[in-house]
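Okay, thanks for coming, everyone.

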Amino acid sequence: MRLLVLTNNPSRPSFRQRIEIHLKTLRRDGIECEVAKFPPGELARLRLFKRAADFDGVFLHKKKLNIFDAFWLGRYSRKIIYDFDDAIMYSPKASQRNSLSHFAPFRRTTKLADLVIAGNPYLAEHARKFNSTVEVLPTGLNTKEYISDEKPEGDDKIRLVWIGSKSTLLYLAEIKPALEEIGARFNNVVLRIISDEFFDLRNMSVEKHPWSEQTQVNDLITSDIGLAPLPDNRFTRGKCGFKILQYAAAGLAVITSPIGVNAEYVRHGVTGFHAANTLQWIEKITELIEKPGLRKTMGREGQSQVKNFGVEVIGKRIVDLIMRIVAQS
């Protein structure tokens with residue numbers, strides 16, 4: 001079986017986490033994938049779409065199609081599988097307003113697909129308004145990369161850690177008041193930011209670690225408490241909680257806003273805590289700072305839970321979904 005994988009940007013985190021990580025599994029199970037980036041210009045895209053006729057199906061990653069692209073891709077494709085993992089039907093900057101420029105191409109693309117794969121139930125609910133063949137497939141990760149026989153020895157610092165892109169750094173910035181209060185209470189606590197942009201705090205040292213595929217795992221497993229704050233709006237409810245899975249794989253206790261799948265992935269009191277306001281953030285961070293045994297227990301529970309999101313488990317499911325839909329006449 002041959003599959004043409006189309007994406008706007010093969011270097012974006014979403015593509016790496018949802019598609020690239022599974023390419024070896026797909027190939028092993030008889031699905032050869034060719035990855036192609038959407039080119040600029042209608043003629044170049046038309047040439048690309050015509051090539052779809054030579055494949056058993058097209059796997060479209062996250063891209064919302066305009067009228068031209070939808071018509072020609074639909075004409076030349078035998079099967080179309082559409083995968084998305086963000087609330088792309090809303091504007092991230094103004095999610096409270098309905099945006100026709102976001103909603104219309106989402107509806108068009110969802111209707112066109114033979115199968116829609118959504119990153120969580122919230123996203124699937126939106127897709128089912130326009131397509132009856134929708135499956136939920138969480139984002140997976142290679143949990144084996146995070147396994148360490150012993151936590152590397154460090155100094156006496158307790159490291160709060162956040163990992164993400166500059167576009168979501170503002171979510172971490174929203175809990176600055178809690179972080180400043182923690183910094184005023186404890187002189188052995190630092191904040192580690194793994195990103196492509198950073199900020200400073202008055203009362204707490206900030207370790208600025210540029211994100212790198214080669215160093216991110218070590219940066220996480222040498223931390224102590226994972227932070228996953230989120231505001232509550234129609235866009236953020238579509239987030240798929242990948243950083244929480246990373247924290248859990250690294251054996252960290254996690255504190256998160258109880259929004260979307262974050263509330264499900266972090267089992268309150270078992271693998272971490274939920275914090276809905278500044279006082280709760282201060283309270284829960286303080287508790288984990290003062291109770292190293294609780295941090296370790298929660299970290300072990302998280303590692304046990306995250307096995308359900310391992311690349312072997314999710315990879316098998318994506319193979320089954322592709323095989324099932326492409327095999328249909």
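Start with Glu180: a polar atom of the Glu180 side chain sits 2.8 Å from the backbone nitrogen of Asn203. One thing to keep in mind is that this is a predicted model. Leaving out residues up to four places away in sequence, Glu180 touches Leu201, Arg202, Asn203 and Met204. So is Glu180 buried or exposed? Glu180 counts as buried, because its relative accessibility is 9%, and the cut-off for buried is under 20%. As for where it belongs, Glu180 is in helix α8, which covers residues 176-185.

Which way does α8 lie against α12? Helix α12 is residues 278-290, and the axes of α8 and α12 come within 9 Å, crossing at roughly 40°. That angle makes α8 oblique to α12. The crossing of the two is right-handed. If you want to click on the side of α8 that does the touching, pick Pro177, Ala178, Leu179, Glu181, Ile182 and Arg185. On the α12 side, they meet Thr278, Trp281, Ile282, Ile285, Thr286 and Ile289. Sorted by class, the contact of α8 with α12 has eight nonpolar residues, two polar ones and two charged ones.

Next pair: α3 and α4. Helix α3 is residues 42-51, and α3 packs against α4 at an angle of about 20°, with the axes 8 Å apart. α3 and α4 are therefore roughly parallel to each other, since angles under 35 degrees count that way. Here, too, we have a handedness: α3 and α4 cross in a right-handed sense. From α3, the contact takes in Glu42, Arg45, Leu46, Phe49 and Lys50. From α4, you get Phe68, Asp69, Trp72, Leu73 and Tyr76. What does that contact look like by class? There are six nonpolar residues and four charged ones in the contact of α3 with α4, and no polar ones.

Lys62 is in the loop between β3, at 57-61, and α4, at 67-76.

Last stop is α10 and α13. Helix α10 runs over residues 242-249, and the axes of α10 and α13 come within 7 Å, crossing at roughly 120°. The crossing here is left-handed. Leu245, Ala248 and Ala249 are the α10 residues in the contact, and they meet Gly299, Gly302, Gln303 and Val306 of α13. By class, the contact of α10 with α13 comes to four nonpolar residues, three polar and no charged.

While we're on α13, have a look at Pro292. Pro292 lies in α13, which spans residues 292-306. Is Pro292 buried, exposed or partly exposed? Pro292 counts as partly exposed, because its relative accessibility is 42%.

Technical notes
Residues are numbered from 1 along each chain as its sequence is written. This is a predicted model: local features need pLDDT of at least 70, side-chain atom pairs count only at pLDDT 80 or more; totals for chains, interfaces and linings use all residues. Side-chain values use heavy atoms; hydrogens and water are left out. Helices (H or I, at least four residues) and strands (E, at least two) are DSSP runs, numbered from the N terminus. Buried means under 20% relative accessible area, exposed over 50%, partly exposed in between (1.4 Å probe, protein chains only). A polar contact is a pair of N or O atoms within 3.5 Å; within protein, one must be able to donate a hydrogen and the other to accept it, and residues adjacent in sequence count only if both atoms are side-chain atoms. Contact means heavy atoms within 4.5 Å. Axes are lines fitted to C-alpha atoms, for helices over the stretch in contact, and angles run from 0 to 180 degrees between N-to-C directions. Angles under 35 degrees count as roughly parallel, over 145 as roughly antiparallel, 65 to 115 as roughly perpendicular and the rest as oblique. A crossing is left-handed if the near helix is turned anticlockwise from the far one by less than a right angle, and right-handed if clockwise. Ala, Val, Leu, Ile, Met, Phe, Trp, Tyr, Cys and Pro count as nonpolar, Asp, Glu, Lys and Arg as charged, and the others, Gly among them, as polar.
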